[in-house]
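Colleague: I am new to this one. Please show me the model, and let me ask how you know things.

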Amino acid sequence: MNDYPLDAFLFYRSYREALNGMTQKDQLATLLAIIDYALYGVEPKLTGKMPTSIFTVARPVIDANNARRAGGKKGGRPKKKTIGFSADETIGFEKEKPDALYNEEHRDEKEPPNSPPRGKRERFTPPSVDEVSAFCLERKNGIDPEEFVSFYASKGWKVGTSPMKDWRAAVVTWERKRAKTEEPEPDHAKRGRLVVGEDGEEVAVFDG
């Protein structure tokens, strides 16, 4: 049980968006109903259909948040008892290493420069043309940064059907494909042009 009144409660954006299209009178009634119920535990006396509907949707969310708050004040879930040995002891086996340490020891040395460690990867954020340009200039690979950004932006920043995880690795892939395509050819070989396929792979197309 919560000890009312509370000092604060979570107010979600969905609550605010649900008020759109209502009269100011109904908006005020709905807001006060949510606030009074969340902070003081007061049961609202709503008459309008819209205010009643919105409060009915918000009520279980408020109850769940307040229940978590009450559980936190009591110290949370009690620790499980161990049988004959402490939680820090092992039974003849070496303790598993933390994921971060394991990933650092087994890090792939072939990863492109400036890539974040595998154990510390952040959510992918599409790069700007300037970022790609700086990376390409650093590697001196001759790749057009605007072409790179435009291509993957049109694909929703996917490589094939999978979401892109590291745009620098994709630049290195383009770089290697271009290098293979531009290797010296015999005089009798046909000259081709480099085309980027739908899957993001570069292939040489020969004319004639």
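Colleague: Where do R13 and E17 lie, and how many residues apart are they?

Modeller: Both lie in helix α1 (residues 13-18), 4 residues apart, about one turn of the helix. Helices here are DSSP runs of H or I with at least four residues, numbered from the N terminus. This is a predicted model: local features need pLDDT of at least 70, side-chain atom pairs count only at pLDDT 80 or more, and totals for chains, interfaces and linings use all residues. Residues are numbered from 1 along each chain as its sequence is written, and side-chain values use heavy atoms, with hydrogens and water left out.

Colleague: What makes R13 and E17 a salt bridge?

Modeller: The rule asks for a side-chain nitrogen of Lys or Arg within 4 Å of a carboxyl oxygen of Asp or Glu. R13 and E17 meet at 3.5 Å, N to O, so the pair qualifies.

Colleague: How many salt bridges does this rule give?

Modeller: The count comes to 3. One of them joins E43 and R59 at 2.6 Å, N to O. That pair links distant parts of the chain: E43 is in the loop between α2 and α3, R59 in helix α3, 16 residues apart.

Colleague: Why is R13 called exposed, and why is E17 called partly exposed?

Modeller: Buried means under 20% relative accessible area, exposed over 50%, partly exposed in between (1.4 Å probe, protein chains only). R13 has 67%, so R13 counts as exposed. E17 has 46%, so E17 counts as partly exposed.

Note on methods
Helices (H or I, at least four residues) and strands (E, at least two) are DSSP runs, numbered from the N terminus.
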